[in-house]
Amino acid sequence: MRASTEIVRLLTEYYAAMEANRPSEFGSYYAEDMTLTFGNSPEVRGRENVVSAFRAALDEVVSLGHDLVHVWEEEGGVVFFESVGRWVLRSGAVIEIKAASKITIVDGKFVDQRIYVDNAPVFEALERERA
C-alpha cells in the first residue's frame, strides 16, 4: 500500500539532513544497532559506522539530494521506495541516479536499510575530477 504521509515526511526530513551533510541529524534516525547493506558491499553494523560510511561519501561531493518517486509501506515498519539521487560534484556537474531502497523502521528509528543502486557514473566523474 502507498506509504502514509508520516512516513513520507520522515524520509523527506531524513534526506534533507543528508543533503545538508549534517551527520548528527541524519544519524539521529538510526537505531544504535542498525544495519546498512549498500548493493553488494559488506553489511555495515551500528549507528556510528553507518554515519561514517555516509559521511565519507558525502565529503567527496557538494551535496547528495534525494527525490522520492514512489513510496510503499508494509506491515512491521517495512518501507520500500524508488528515488532519484542528485549528486552535485565540486566541478558543478550534477549526476542523477535512480535507486530502490528498503528501510525497516521500528519506534521511529531505522533498524535496517538496504540500498540498490549503481553509482558507477558518480565514481567515474569523481575520478575525472581528481585527475
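## The largest pocket

Let's start with what surrounds the largest pocket: its lining is made up of 19 nonpolar, 10 polar and four charged residues. Keep in mind that this is a predicted model. The volume of this pocket is about 560 Å³. Among the 33 lining residues, Phe38, Phe54, Trp87, Val117 and Asn119 are the closest to the pocket's centre.

## Aromatic pairs

Now for the rings. The whole structure holds nine aromatic pairs. One of them joins Tyr14 and Tyr29: the ring centres are 5.5 Å apart and the planes stand at 70°, so this pair is edge-to-face. Because Tyr14 sits in helix α1 and Tyr29 in the loop between α2 (23-27) and β1, the pair ties together parts that are 15 residues apart in sequence. Both Tyr14 and Tyr29 are buried.

Tyr15 and Phe81 make another pair, with ring centres 6.1 Å apart and planes at 70°, so this one is edge-to-face as well. Here distant parts of the chain are linked, since Tyr15 belongs to helix α1 and Phe81 to strand β4, 66 residues apart. Are these two residues buried or exposed? Tyr15 has 5% relative accessibility, so it counts as buried. Phe81 has 1%, so Phe81 counts as buried too.

## One aromatic cluster

Finally, you can look for a group of rings in the structure. Tyr14, Tyr15, Phe26, Tyr29, Tyr30, Phe54, Phe81 and Phe110 together form one aromatic cluster.

Methods
Residues are numbered from 1 along each chain as its sequence is written. This is a predicted model: local features need pLDDT of at least 70, side-chain atom pairs count only at pLDDT 80 or more; totals for chains, interfaces and linings use all residues. Side-chain values use heavy atoms; hydrogens and water are left out. On a 1 Å grid over the protein atoms alone, a cavity is a set of points where a 1.4 Å probe fits but cannot get out, and a pocket is an open set with protein on both sides within 12 Å along at least five of seven lines; lining residues have an atom within 4 Å of a point. Grid points are joined across faces, edges and corners, and a volume is the space filled by probe spheres set on the points. Ala, Val, Leu, Ile, Met, Phe, Trp, Tyr, Cys and Pro count as nonpolar, Asp, Glu, Lys and Arg as charged, and the others, Gly among them, as polar. Rings of Phe, Tyr and Trp (its six-membered ring) pair if their centres lie within 6.5 Å; planes under 30 degrees apart count as stacked, over 60 as edge-to-face and the rest as tilted. Helices (H or I, at least four residues) and strands (E, at least two) are DSSP runs, numbered from the N terminus. Buried means under 20% relative accessible area, exposed over 50%, partly exposed in between (1.4 Å probe, protein chains only).
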